[in-house]
Amino acid sequence: MKTEITELLGIEYPIIQGGMAWVAEYHLAAAVSEAGGLGIIGAASAPPEWVRDQIQKAKKMTDKPFGVNIMLMSPYADEIAKVIVEEKVKVVTTGAGSPEKYMQMWKEADVKVIPVVASVALAKRMERCHADAVVAEGTEAGGHIGEASTMTLVPQVVDAVKIPVIAAGGIADGRGIAAAFMLGA
Ligand SMILES: Cc1cc2nc3c(=O)[nH]c(=O)nc-3n(C[C@H](O)[C@H](O)[C@H](O)COP(=O)(O)O)c2cc1C
């Protein structure tokens, strides 16, 4: 299946695994990438050496692209941002904040940057600072996210930016994926 996202990321299916702290480790990320989606290692609040080790282990399990999620409230976010570049990780997603201060470094290293956003305002700001796509994540996802629901947020973000929009929050099966496509994701 071809979409803007499969083309951008070099994957087979437009499905991105959530970067879940202490759940999305290298086995899961590598397995999802091997299956044709985009696997993501959740860096959580782990130290940079742990994240580097996870990346190196994932590389041994798959030649396909995978990403790392940086939880921006982590005390190690600055160091992990550099590990992403040093380890030549293809894609980074970010949660719980704005990754603006890392954008230039990542773009110079040709890392694809996909911030998770919970509002139109943050989506527009991310587009202005050259994000490759955004994840519009509704409140159904829980965690550090906003109050708008996926059903209301996704079409608003789609209308507000030109970069691809990935939908998240309460999408659990093929019907949910089809609905997200209808909203413009
Ligand atoms: C256990 C768990 C841990 C998560 N940890 C993070 C995290 O560290 N950083 C982040 O950006 N998102 C985190 N998320 C959010 C997911 O990456 C994803 O965006 C979200 O789960 C999508 O919504 P859904 O679960 O309704 O499909 C976490 C989700 C779960 C369930």
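A residue is called buried when its relative accessible area is under 20%, exposed when that area is over 50%, and partly exposed in between, with a 1.4 Å probe and protein chains only. By this scale Ala96 counts as partly exposed, because its relative accessibility is 24%. The model is a predicted one, in which local features need pLDDT of at least 70 and side-chain atom pairs count only at pLDDT 80 or more, while totals for chains, interfaces and linings use all residues. Residues are numbered from 1 along each chain as its sequence is written, and side-chain values use heavy atoms, with hydrogens and water left out.

Ala96 has a positive phi of about 65° although it is not a glycine, and its place is in the loop between E3 and H5. These labels come from DSSP runs, numbered from the N terminus, where a helix (H or I) has at least four residues and a strand (E) at least two. Trp22, which is not a glycine either, also has a positive phi of about 65°. Trp22 lies in the loop between helix H1 (4-9) and helix H2 (26-34), and it counts as partly exposed because its relative accessibility is 49%.

In soluble globular proteins, nonpolar side chains tend to be buried together. A nonpolar core is here a set of buried Ala, Val, Leu, Ile, Met, Phe, Trp, Tyr and Cys residues joined through side-chain atoms within 4.5 Å. The largest such core has 40 residues, and Ile70 and Trp106 are those with the most contacts inside it. Its largest share, five residues, comes from helix H4 (residues 77-86). Apart from this core lies another, of 12 residues, which includes Ile11, Val116, Ala133 and Ala168.

If neighbours within four places in sequence are left aside, Trp106 is in contact (heavy atoms within 4.5 Å) with Ile70, Ala81, Ile84, Val85, Val92, Thr94, Pro99, Val111 and Val113. Thr94, one of these partners, is found in strand E3 (residues 91-95) and also counts as buried, because its relative accessibility is 0%. With neighbours within four places again left aside, the contacts of Thr94 include Asn69, Ile70, Leu72 and Trp106.

Trp106 also takes part in a ring pair. Rings of Phe, Tyr and Trp (its six-membered ring) pair if their centres lie within 6.5 Å, and planes under 30 degrees apart count as stacked, over 60 as edge-to-face and the rest as tilted. A search of the whole structure finds two aromatic pairs. In the pair of Tyr102 and Trp106 the ring centres are 5.3 Å apart and the planes stand at 40°, so the pair is tilted. Both residues lie in helix H5 (residues 100-108), four residues apart, which is about one turn of the helix. Tyr102 is buried, because its relative accessible area is 6%.

The charged side chains come next. Side chains of opposite charge can pair when their charged atoms come close. A salt bridge is a side-chain nitrogen of Lys or Arg within 4 Å of a carboxyl oxygen of Asp or Glu, and by this rule the count comes to nine salt bridges. Asp53 forms a salt bridge with Lys57, and their closest N and O atoms are 2.8 Å apart; both lie in helix H3 (residues 48-61), four residues apart, about one turn of the helix. Lys101 forms a salt bridge with Asp78, the closest N and O atoms being 3.1 Å apart. This pair links distant parts of the chain, since Lys101 is in helix H5 and Asp78 in helix H4, 23 residues apart. Lys101 counts as exposed because its relative accessibility is 63%, whereas Asp78, at 39%, counts as partly exposed. The side chains of Glu100 and Arg125 also meet in a salt bridge (2.8 Å, N to O). Here too distant parts of the chain are linked, with Glu100 in helix H5 and Arg125 in helix H6 (residues 120-128), 25 residues apart.
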